[in-house]
Amino acid sequence: MIANRLDGMEAEFESDNLRLGEATWNTYSGEGVPDLDGAQEQLALLLTGESDRRMLEEWLPKVDPAREPVLFRRLAIWRSCYVSSAVDNVTEIYNLKNRLQRRIAEFEFEFEGRKAPRSELQKIQRNDPDRGRRHRAWLATAPLAAANHDDLRRLIALRNRKSRNLGFRDYVDLVLKLQEIEEGWLRATLDRLAEACRPRYAATLASLADRLGVSHMSPWDISFAIRQGLQLADSYFPSDRALQRLFSTAKALGFEVDSLPIRTLVRDIPFGGYNVAVKIPSDTRFLVNPSEGQAFYTTAFHEYGHSLQAVFTATPWPILKEYEWVMGARTAAYSEGMAEVMAQFARRADWLSSVVGVPDAEIERYECQVLPAQSVIRLFDLLSNSAKLHTFSGGLFHAHGIQERSSLGLQPGSESQKTVRSVGTGAEPTGARVRSDHRQRAPEIPQDFQVHKSR
Ligand SMILES: [Zn+2]
């Protein structure tokens with residue numbers, strides 16, 4: 001009886017997730033009508049049904065987790081979904097979230113008196129030797145932050161209020177608890193990482209500043225400086241061979257690449273890449289932003305890792321398939337781990353040697369200097385985004401970031417503009433010469449804080 005009813009609910013859960021997956025795909029691929037609000041409304045109907053929720057609450061204590069572990073787990077996940085829905089599926093909240101998502105996807109930037117795609121602005125920041133032009137390209141993304149500012153604050157405040165009504169400290173507390181992540185452990189782990197990496201981070205920034213001949217590094221200097229010597233040459237990674245090399249690597253690992261239901265699209269999107277698992281395991285699609293060099297490869301490999309997780313998901317129960325649209329039904333940390341397993345191939349010495357043909361001496365320099373420097377910069381970028389978010393939300397919010405996501409739009413003159421300095425546990429890296437520009441609004445909006453996904 002329980003099982004039958006649950007099967008029916010999960011069939012509906014899957015078809016609602018499919019509709020939301022299609023709407024999200026359409027938002028970023030531009031292929032069809034992105035009916036995010038309609039799709040979300042459908043899902044909200046299922047997940048805010050009071051009688052089903054009460055029924056589940058009654059069933060759960062009657063199921064013995066030792067005898068029926070899968071049934072117990074399904075019910076427990078359903079319970080989590082009902083909890084998250086009491087926040088995420090409130091109409092006002094998801095309408096705000098969808099409006100932000102649409103604006104981020106469709107925003108038209110202007111640069112030097114004409115429209116410019118986001119990828120071009122990023123390219124200038126990475127590659128243009130003219131520092132002033134890099135700065136202007138960085139500033140050109142600020143109007144998006146300004147346009148999103150009020151909605152973002154309202155969304156954060158609403159989510160916190162609703163979460164407190166449910167007995168959580170705030171939305172962060174709810175997000176972490178539903179993903180079964182212990183906040184104290186998470187913070188301690190990040191603090192330990194930051195502590196261990198701080199000396200190398202400081203040394204890296206100092207050497208990058210020397211290389212550029214500047215006294216202070218600004219946000220528009222870092223990517224450029226890294227590309228002046230702290231990376232393998234782009235010539236090893238031609239963009240038009242990225243997918244071919246990705247597929248041949250996956251084939252060599254034993255995946256039957258040609259018959260897997262994974263679609264790939266190269267397109268200008270707000271992230272480096274994004275995988276949309278529309279129907280698990282039979283339809284997944286990934287978008288990757290046109291970029292260059294090794295970073296383009298690692299992003300494409302990362303997204304393919306997400307795709308592989310989706311198409312090799314074997315459980316028949318939709319609630320356990322890790323659809324990403326309902327918090328509580330997906331473990332973002334696990335998914336990112338799966339994706340990074342794939343991305344790591346594009347950073348491995350044996351892969352760089354045999355597939356790309358990087359000479360041994362360069363590989364040694366890459367492993368001893370380049371990769372550790374890139375890693376600490378990435379780590380502190382992530383931690384600084386967390387710190388910025390924490391400040392932005394009045395100390396009630398912080399987020400975990402990952403490589404695909406960009407950084408936060410900030411209030412001019414706010415505390416949170418002490419960007420690269422105020423990272424992680426607070427203490428500034430000794431000797432680091434990084435300064436944020438206190439007069440300017442830092443561009444971009446954080447993509448990675450449950451605006452529409454937890455990744
Ligand atoms: Zn990812």
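1. Is R378 buried, partly exposed or exposed, and why? R378 is partly exposed because 13 other C-beta atoms lie within 10 Å. The scale is this: 20 or more other C-beta atoms within 10 Å of a residue's own make it buried, 12 or fewer make it exposed, and anything in between is partly exposed, with C-beta atoms placed from the backbone.

2. A word on the basis. This is a predicted model, in which local features need pLDDT of at least 70 and side-chain atom pairs count only at pLDDT 80 or more, while totals for chains, interfaces and linings use all residues. Residues are numbered from 1 along each chain as its sequence is written.

3. R378 sits in helix α16 (residues 360–392). Helices (H or I, at least four residues) and strands (E, at least two) are DSSP runs, numbered from the N terminus. R378 and Y201 are 177 residues apart in sequence, yet their C-alpha atoms are 9.8 Å apart in space.

4. Turn next to the sheet. It is open and has three strands, in the order β3-β5-β4, with mixed pairing. Its edge strands are β3 (262–266) and β4 (273–279), each of which pairs on one side only. Pairing here requires that DSSP finds at least two bridges between two strands. On average, neighbouring strands of this sheet are turned by 15 degrees against each other, direction ignored.

5. How do the strands pair? β4 and β5 (residues 283–288) are antiparallel, over six bridges. N275 has F286 in β5 as its bridge partner. A hairpin of three residues joins β4 to β5. β3 and β5 run parallel and are joined by five bridges. There, R263 has R285 in β5 as its bridge partner.

6. β5 is mostly covered, with five of its six residues buried. Helix α1 (residues 2–29) packs on the sheet and touches β3, β4 and β5. The direction of α1 makes about 150 degrees with that of β4. Contact means that the C-beta atoms of two residues, placed from the backbone, lie within 7 Å.

7. Now a helix pair. The axes of α13 (residues 293–311) and α14 (residues 332–343) come within 7 Å and cross at roughly 130 degrees. Therefore α13 is oblique to α14. Angles under 35 degrees count as roughly parallel, over 145 as roughly antiparallel, 65 to 115 as roughly perpendicular, and the rest as oblique. Axes are lines fitted to C-alpha atoms, for helices over the stretch in contact, and angles run from 0 to 180 degrees between N-to-C directions.

8. The crossing of α13 and α14 is right-handed. Handedness is left if the near helix is turned anticlockwise from the far one by less than a right angle, and right if clockwise. Residues of α13 in the contact include F301, Y304 and L308, and those of α14 include M338, V341 and M342. By class, the contact has eight nonpolar, six polar and two charged residues. Ala, Val, Leu, Ile, Met, Phe, Trp, Tyr, Cys and Pro count as nonpolar, Asp, Glu, Lys and Arg as charged, and the others, Gly among them, as polar.

9. Another pair is α6 (residues 118–127) with α7 (residues 131–139). Their axes come within 8 Å and cross at roughly 150 degrees. So α6 is roughly antiparallel to α7. The crossing of α6 and α7 is left-handed.
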